[in-house]
Amino acid sequence: MTLKLYVDRLSQSCREVIIFCKLNGIDFEEVYIELSKRHQLSPEFREINPIQQIPAIMDGKFKLSESHAILRYLACAFPRIADHWYPADLYKRAKVESVLDWQRTTFPRGPDSFVFYSVLAPTVGLPLNTKAAARTEKNFIASLAMIESVWLQKKGRFLLGSDQPSIADLSLACEIMQLEVLDEKDRERILGPFKRVLKWLDDTKNAMAPHFKEVHSILYKFKENRKPVVHSKI
Ligand SMILES: N[C@@H](CCC(=O)N[C@@H](CS)C(=O)NCC(=O)O)C(=O)O
């Protein structure tokens, strides 16, 4: 039975799962759960994921949510996935886990909230919020500085000094790509000073060509079609 991915490509957590499958030749059916229409709250989807968030997967009768858990599962459940994605070596794997956990605790406090308050809130019927965006921008910048000072090393093009990408590179790159929905001047203000992050992002895009670019094309379409929106000062 084909693997089913319940996703909306506007979500960074969903894109990482789709790209992983495409890069590794895993056959899947993409089931569109449209966040802007609240499809994740439907009774049918509650049967798939009682937490009512995406991504979620169904592999045969096995259901799983949480993007990082899904990536780990896919890396172990499917044959012939190259070791660099999720290394078998205990120490290397533990380091990959360390980046994944850091990202999950750090990004909701800054980067994710910043993009949400600056651009995405209207897609779920909420106003933009300039004060909250300014607050969370500081955390975003601190996170980018942390990537440069801790996770990117002098040797190796990828995180943790690796020569090939892991699921941590994939997940973190998909998060940072959310910045593509911002106006160019805002994106440049935030990302521009972080030359090593930009270089790593380019290396990651190239290593994951053509799927990384294809799956992210939705962000550029979203940006083109964005309507003027109301700001809240709360
Ligand atoms: N930690 C979860 C986060 C899942 C999550 O927040 N998904 C968002 C889309 S990015 C969602 O489904 N939001 C809809 C909602 O919360 O109602 C993961 O990595 O999968």
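1. Residues 1–82 are 35% helix and 22% strand, with the end C-alpha atoms 23 Å apart. Helices (H or I, at least four residues) and strands (E, at least two) are DSSP runs, numbered from the N terminus. UniProt gives these residues, 1–82, the feature "domain: GST N-terminal", from an unreviewed entry. UniProt positions follow the numbering used here, feature names are shortened, and annotations may be inferred rather than shown by experiment.

2. On provenance: the model is predicted, local features need pLDDT of at least 70, side-chain atom pairs count only at pLDDT 80 or more, and totals for chains, interfaces and linings use all residues. Residues are numbered from 1 along each chain as its sequence is written.

3. The sheet is open and has four strands in the order S2-S1-S3-S4, with mixed pairing. S2 and S4 (62–65) are the edge strands, each pairing on one side only. From one strand to the next the twist averages 20 degrees. Axes here are lines fitted to C-alpha atoms, for helices over the stretch in contact, and angles run from 0 to 180 degrees between N-to-C directions. Two strands count as paired if DSSP finds at least two bridges between them. Strands of a sheet pair through backbone hydrogen bonds, either parallel or antiparallel.

4. The parallel part joins S1 (residues 3–7) to S2 (residues 28–32) over five bridges; Leu3 has Phe28 of S2 as its bridge partner. Together with helix H1 (residues 12–23), S1 and S2 make a right-handed β-α-β unit. Right-handed is meant as follows: with the strands pointing away from the viewer, the path from the first strand over the helix to the second runs clockwise. H1 lies across S1 and S2 and runs at about 150 degrees to S1. Contact between two residues means C-beta atoms, placed from the backbone, within 7 Å.

5. S1 and S3 (residues 56–59) run antiparallel and are joined by three bridges. Leu5 has Ile57 as its bridge partner in S3, and Tyr6 stands opposite Ala56 of that strand. On the S4 side, the bridge partner of Ala56 is Ser65. S3 and S4 are also antiparallel, over four bridges. Their hairpin has two residues between the strands, and Gly60 there takes a positive phi near 65 degrees.

6. The peptide bond joining Ile54 and Pro55 is cis, with omega about 10 degrees; Pro55 is in the loop between helix H2 (43–48) and S3. A cis bond also joins Ala209 and Pro210, with omega about -5 degrees, and Pro210 is in the loop between helix H9 (195–207) and helix H10 (211–225). Glu66 is not a glycine, yet has a positive phi of about 80 degrees; this residue is in the loop between S4 and helix H3 (67–77).

7. Which residues surround the ligand? They are Ser11, Ser13, Leu35, Gln40, Gln53, Ile54, Pro55, Glu66 and Ser67. A residue is near a molecule if its C-beta atom, placed from the backbone, lies within 6 Å of it. By class the shell has three nonpolar, five polar and one charged residues. Ala, Val, Leu, Ile, Met, Phe, Trp, Tyr, Cys and Pro count as nonpolar, Asp, Glu, Lys and Arg as charged, and the others, Gly among them, as polar.
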